[in-house]
Amino acid sequence: MSQLVGLPAADDEREPDGQPAAGSAGALEEALGAVIAERVREFRLHLGLTVGQLAELTSLSKGMLSKIENAQASPSLATLARLSGALKVPVTAFFRGLDEE
């Protein structure tokens, strides 16, 4: 299995409590999901939109948006592009606040 340069293999690197080990690919994915979730909600609320209104603007279901905002689902790049257009922010805005290591 290939591995991205600079990222550890994701071979079940977990702490005893079951959480992804710090520095593991799982931990990075979890942190990324949390930052995206926070940004989507922040931008939606800034525009005064409900989840239902954003769903209509993006053609995404309210359930999927709720999962994205609660970091229970990872949006695809296509979904991030739809959200970007509806929320009037660049796609990169969803990644602000993610620590670069």
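In this predicted model, the largest nonpolar core has 16 residues, and Val40, Leu54, Leu83, Leu87 and Phe94 touch the most other members. A nonpolar core here is a set of buried Ala, Val, Leu, Ile, Met, Phe, Trp, Tyr and Cys residues joined through side-chain atoms within 4.5 Å. Helices H1 (25-46), H2 (51-58), H3 (62-69) and H4 (77-87) each give two or more residues to this core, with the largest share, four residues, coming from H4. Helices are DSSP runs (H or I, at least four residues), numbered from the N terminus.

Take Val40: leaving aside residues up to four places away in sequence, Val40 touches Leu54, Ile68, Glu69, Leu83, Leu87 and Phe94. Contact means heavy atoms within 4.5 Å.

Now look at how H1 and H4 pack: their axes (lines fitted to C-alpha atoms over the stretch in contact) are 10 Å apart, at an angle of about 25°. That makes H1 roughly parallel to H4, a label for angles under 35 degrees. Ile36, Val40, Phe43 and Arg44 in H1 meet Leu80, Leu83 and Leu87 in H4.

Also in H4 is Thr79, which is buried at a relative accessible area of 12% (the cut-off is under 20%, with a 1.4 Å probe and protein chains only).

How far to trust this? The mean pLDDT, the predictor's confidence in each residue from 0 to 100, is 83 for the protein, and 74% of its residues reach 70 or more. Over residues 1-12 the pLDDT is below 50. Where pLDDT is low, the predicted coordinates should not be read in detail.

Residues are numbered from 1 along each chain as its sequence is written, and side-chain values use heavy atoms, leaving out hydrogens and water. Local features need pLDDT of at least 70 and side-chain atom pairs count only at pLDDT 80 or more, while totals for chains, interfaces and linings use all residues.

How values were computed. Buried means under 20% relative accessible area, exposed over 50%, partly exposed in between (1.4 Å probe, protein chains only). Axes are lines fitted to C-alpha atoms, for helices over the stretch in contact, and angles run from 0 to 180 degrees between N-to-C directions. Angles under 35 degrees count as roughly parallel, over 145 as roughly antiparallel, 65 to 115 as roughly perpendicular and the rest as oblique.
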